[in-house]
Amino acid sequence: MTPTDVLVVEDEPRFQRLIRFVLEAGGYRVRQAASGGECLQAVAQQFPDLLILDLMLPDLDGFEVCRRVREVSAVPIIILTAKGAEEDKVKGLRLGADDYVVKPFSAQELLARVEAVLRRSPPSHAPQGQPSFVWGDLRIDFLSHTVTVRDKQLHLSPTEYRLLHELALHSGRVLTSDELLEKVWGPSYRGEHEVLRVAVWRLRQKLEEDPPNLQFIRTIPGVGYLLGSPS
Ligand code: CA
């Protein structure tokens, strides 16, 4: 099996060394970029399997890097943010990051987040006897992992796809926020409702031409989310 390539985008030597050490010990192949520009070039040329992206970079702001990467790639992105910067986490997730790690972090925590994000990508296999899901204008092909709305193909990040996949597997039933967090992100994410809210928001932006109408994914206030007609 070819090793998983992780591109670490970080300008501080102390964190570069720490992250490389942790990831290599975990069996990953590490490449490094010390600026936003280097990161964009590496994404275009090396096709990494995962990005670890610091928000404080010398040239471009990490948010801008995240936004530009998302224009061309669905590579999983974990952002590194300073402790306590709740707004940064949400902003990064809104721009398409899949997860975040707060500095300072432990080796164990970083590896757990990397593994959790990689588990979401590639998405899970097709459910037995159910190669696709169709509801109104929405079509999900579980084998090729393609999603189309009115025959137009959408480009979803691994997290967005997994979220839609779970909702489709249980269509007609309300999934609670914690159920979704556990199924898509992992058991340690129970209670991280902001992470889920932002992911649903991004998914709706892509699925629904007129988001205020909330055509596909319905919010059940205080409970969770529902795809399809209630059964
Ligand atoms: Ca930095």
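The following legends describe close-up views of one predicted model.

Residues are numbered from 1 along each chain as its sequence is written, and side-chain values use heavy atoms, with hydrogens and water left out. Because the model is predicted, local features need pLDDT of at least 70 and side-chain atom pairs count only at pLDDT 80 or more, whereas totals for chains, interfaces and linings use all residues.

View 1. The chain is divided into domain 1 (5-119) and domain 2 (132-227), with bounds that come from an automatic or database domain assignment. Their C-alpha centres lie 24 Å apart. To the contact, domain 1 contributes 15 residues and domain 2 contributes 13 residues; contact means heavy atoms within 4.5 Å.

**View 2. The parallel sheet with β1 to β5.** Helices (H or I, at least four residues) and strands (E, at least two) are DSSP runs, numbered from the N terminus. Two strands are said to pair if DSSP finds at least two bridges between them. Here five strands form an open sheet in the order β2-β1-β3-β4-β5, with parallel pairing. The edges are held by β2 (29-33) and β5 (99-103), each of which has a single partner strand, so one side of each is left without a neighbour in the sheet. On average, neighbouring strands of this sheet are turned by 20° against each other, direction ignored. In a regular strand the side chains alternate between the two faces of the sheet.

**View 3. Strands β4 and β5 with helix α4.** Strand β4 (residues 77-82) pairs with β5 in the parallel sense over five bridges. Within this pairing, T81 has V102 of β5 as its bridge partner. Helix α4 (residues 86-94) lies across β4 and β5 and runs at about 160° to β4. For such angles, axes are lines fitted to C-alpha atoms, for helices over the stretch in contact, and the angles run from 0 to 180 degrees between N-to-C directions.

View 4. K103 and P104 are joined by a cis peptide bond, with omega about -5°. P104 is placed in the loop between β5 and α5.

**View 5. The interface of domain 1 and domain 2.** Between them, the two domains bury about 1200 Å², and 49% of this is on carbon and sulfur atoms. Buried area is the accessible area (1.4 Å probe) that two parts lose on being put together, summed over both. In domain 1, the residues that lose the most area to domain 2 are L93, R94 and D98, together 41% of what that side buries. Five residue pairs are in polar contact between the domains, both residues being at pLDDT 80 or more. A polar contact is a pair of N or O atoms within 3.5 Å; within protein, one must be able to donate a hydrogen and the other to accept it, and residues adjacent in sequence count only if both atoms are side-chain atoms. The elements that give two or more residues to the side of domain 1 touching domain 2 are α4, β5 and α5 (107-119). Of that side, α4 gives the most, with four residues.

View 6. A salt bridge is a side-chain nitrogen of Lys or Arg within 4 Å of a carboxyl oxygen of Asp or Glu. By this rule the count comes to 20 salt bridges, and one is found across the interface of domain 1 and domain 2. The side chains of E192 and R113 meet in a salt bridge, with 3.7 Å from N to O. This pair links distant parts of the chain, 79 residues apart: E192 is in the loop between α7 (177-185) and α8 (193-207), and R113 is in helix α5.

**View 7. The antiparallel sheet with β6 to β9.** Four strands form an open sheet in the order β6-β7-β8-β9, and the pairing is antiparallel. At the edges stand β6 (132-135) and β9 (152-153), each with a single partner strand, so one side of each is left without a neighbour in the sheet. β6 and β7 run antiparallel and are joined by four bridges; V134 stands opposite R139 in β7. Helix α6 (residues 158-169) packs on the sheet and touches β6, β7 and β8, its direction making about 105° with that of β7.

**View 8. H145 in its loop.** H145 has a positive phi of about 60°, although it is not a glycine. The residue H145 is placed in the loop between β7 (138-141) and β8 (146-149).

**View 9. Strand β12 and its partners.** Strand β11 (residues 217-220) pairs with β12 in the antiparallel sense over four bridges, and I220 stands opposite G224 in β12. The hairpin of β11 and β12 has three residues between the strands, and G222 there takes a positive phi near 75°. Strand β10 (residues 175-176) and strand β12 (residues 224-227) also pair in the antiparallel sense, over two bridges, with L175 opposite Y225 in β12.
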